[in-house]
Amino acid sequence: MNALLGLPLALPLLGAALTIVFRSSSVQRAISFVSLLGALGASIGVLVHLAIEDDIVVSRLGGWPAAVSITLVGDRLSALMLVIAGALLVIVLAFAIGQRAADERSPFYHPAYLVLAAGIGQAFLSGDLFNLFVAFELLLMASYVLLTLEGTDAQVRSGTTYVVLNVVESMVLLTAVGLVFAATGTVSMAELPERLAELPDGVQTGLHLLLLVAFGIKAAVFPLFFWLPDAYPTAPSSVTAVFAGLLTKVGIYCMIRVETLLFPGQGSTLLLWIAGLTMLIGVFGAVSHVEMKRILSFHIVSQIGYMVMGIGIGTELALAATVFYLVHHIPVKASLFLVQGLVERETGSTALDDVGGLARRSGPLAVLFLVPALSLAGLPPFSGFLAKFGLARAGFDAGQHVVVVAALLASLFTLVSMTKIWMAMFWGDPYPDVAEGRVGVLRHHPLMSSTTALVIVGTVAVALVAGPLFDYCTGAAAQLIDPGIYRAAVLGS
Amino acid sequence: MNASLVVVIAVLFGTGTYLLLQRTLTRIVLGVGLLGNGVNVLILATSSRAGDVPLVGRDDTTDSVPQALILTAIVIGFAITAFLLALAWRNWTIDGDDAVEDDVEDRRVAKARQRVVTDVPDHEDVTP
């Protein structure tokens with residue numbers, strides 16, 4: 001079991017090395033699929049083990065003792081994230097191949113994609129802060145390449161902002177890691193809770209805020225979100241789907257670790273304020289924009305607020321709901337961007353002004369949009385309703401009424417902006433009128449449409465198995481809320 | 001930690017931040033380099049007193065972990081600088097300069113706020 005833990009990191013990296021050597025498109029695709037499926041298989045193995053055993057899997061690379069080795073730690077949260085991320089990476093890769101876009105044919109697409117997968121895997125498994133930094137660099141470097149692969153004017157323009165912003169974020173994170181090491185003499189997340197607690201309050205607050213700023217930029221919380229709606233829309237939809245689904249969620253994952261493990265319960269008030277503002281500002285951005293990719297990008301920001309809210313409330317129920325929200329949010333957000341890719345392929349545009357009457361033109365496409373859109377807005381019976389219900393319940397139980405009202409308000413405006421997309425793009429007479437040269441994206445691109453449908457089936461499945469899934473999430477929250485469990489598993493009690 | 005290192009760190013962070021705030025991409029690249037080295041010096045300063053050596057078996061050894069961290073950070077910084085330079089060059093071949101542009105869509109939305117527009121466009125007035 002412990003050996004499996006290295007695979008979600010090692011296999012994609014190995015695949016990336018091989019795809020740099022073999023430039024043939026079909027060979028690259030085969031290598032990508034094999035390594036990603038292998039990583040997914042290993043993650044599922046760990047997940048099944050943890051679902052039955054309820055412990056924490058630890059792997060020390062090279063067999064060094066706990067204090068000096070590079071440690072990979074898989075608890076219930078990391079295993080769940082690994083499986084969702086792994087599945088999404090495989091499906092979106094199939095979508096990208098089906099899309100037949102210029103960037104997938106570039107010989108550097110597959111190596112970058114696999115390095116991204118390895119970075120995401122390492123971020124979820126890292127047992128120390130410095131390896132977390134290295135994981136961030138891996139996935140950021142790969143994301144820079146994927147975002148600017150076509151080298152168009154728009155990509156270079158927004159890519160520049162994205163790269164510089166994330167470089168600054170890396171610097172902040174590295175400074176934080178250096179200062180944490182200076183203050184405590186360790187970067188191991190198992191040893192840190194005890195040593196950080198001994199520090200003076202001021203030093204603790206300083207380190208805490210530095211880490212929060214670094215992960216806050218990555219997670220795109222208010223007021224550090226401004227780079228996201230600018231950068232994401234310029235990439236091809238397959239790349240944006242992975243970014244939207246996974247990259248900000250890595251930031252959220254790290255925030256969960258910081259708030260539960262390193263500084264338990266210290267940032268609650270600040271986080272609740274950030275959560276409320278992130279939800280509302282994000283959704284107002286979505287309401288004000290008139291281009292589908294932009295609206296969806298602002299929704300990412302808004303949805304991040306919900307997860308920060310769960311972290312801020314910090315009770316076991318709230319953390320369980322946050323983990324459930326992550327599970328719901330990743331496929332829903334990714335599928336919306338995939339649908340956006342289908343719409344763009346069908347009509348050539350995603351500006352609300354340019355497109356109309358899609359529902360009459362292609363009914364199935366409208367259904368593909370409607371299911372994740374309603375789920376994102378939080379309407380029953382979709383997964384978004386259950387996730388938001390859990391968070392609202394946790395908020396009321398903890399007496400945090402203001403932030404729950406903000407969350408419900410944001411939910412309402414999410415529905416408003418989704419209705420805006422729906423009315424402009426799907427209702428009315430077909431426009432532009434292409435009765436003659438009908439594109440018919442669903443028929444002509446079966447791989448694109450079937451993979452999109454698969455992700456959407458995944459979002460519905462989250463709602464269908466919500467009971468057992470929420471039990472698992474509660475188990476994950478129970479592991480999170482007691483740092484002693486983590487410490488005992490990694491260091492040996 | 002001695003005072004001169006503190007001054008060096010402060011100067012590197014200050015100049016690096018100043019350069020990062022410029023519009024020209026080459027200056028930003030230089031800023032990233034300075035800032036990165038500032039962070040590296042900061043980590044180095046946490047390791048031990050100046051002059052101690054990272055060798056096992058002596059009394060006045062320094063902690064070698066920060067130096068391993070710096071080594072990794074230097075390699076990463078190198079890759080990022082190379083990528084940023086490539087980006088700057090690409091920007092220059094497209095635009096003829098290397099200034100970072102504004103977000104076009106944002107400006108469009110900001111302008112649209114000044115006029116009276118309906119949020120939901122209808123297509124009835126448009127002849128296809």
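**Close-up views of a predicted model**

**View 1. The lining of the largest cavity in this predicted model.** The space inside is about 100 Å³. The lining counts 13 residues; A:Ala39, A:Leu82, A:Gly86, A:Leu89 and A:Ala117 lie nearest the centre. Helix 1 (7-21), helix 2 (25-53), helix 3 (76-99) and helix 5 (109-125) of chain A each give two or more residues to this lining.

**View 2. The second largest cavity.** A search of the whole structure finds two cavities of 30 Å³ or more. Helix 13 (292-313), helix 17 (383-397) and helix 18 of chain A each supply at least two lining residues. Helix 18 of chain A gives the largest share, four residues. By type, the lining has seven nonpolar residues, one polar and one charged.

**View 3. Chain A meets chain B.** Here 43 residues of chain A are in contact with 44 residues of chain B. The two chains bury about 3,600 Å² between them, 77% of it on carbon and sulfur atoms. In chain A, A:Arg157, A:Met171 and A:Phe181 lose the most area to chain B, together 15% of what that side buries.

**View 4. The side of chain A that touches chain B.** Helix 6 (129-147), helix 7 (153-184), helix 12 (268-288) and helix 18 (401-426) of chain A each supply at least two residues. Helix 7 of chain A gives the largest share, 17 residues. This side divides into 23 nonpolar, eleven polar and nine charged residues. Across the interface, the rule finds zero salt bridges and one residue pair in polar contact.

Definitions and conventions
Residues numbered from 1 in each chain as written. Chains lettered and ligands numbered in written order. Predicted model: local features only at pLDDT ≥ 70, side-chain atom pairs only at ≥ 80, totals over all residues. Heavy atoms only, no water. Contact = heavy atoms within 4.5 Å. Buried area = accessible area lost by both parts, 1.4 Å probe. Salt bridge = Lys/Arg side-chain N within 4 Å of Asp/Glu carboxyl O. Polar contact = N/O pair within 3.5 Å; in protein donor to acceptor, adjacent residues only side chain to side chain. Nonpolar A, V, L, I, M, F, W, Y, C, P; charged D, E, K, R; others polar. 1 Å grid on protein atoms, 1.4 Å probe; cavity = no way out; pocket = protein on both sides within 12 Å on 5 of 7 lines; lining within 4 Å. Points joined across faces, edges and corners; volume = space filled by probe spheres on them.
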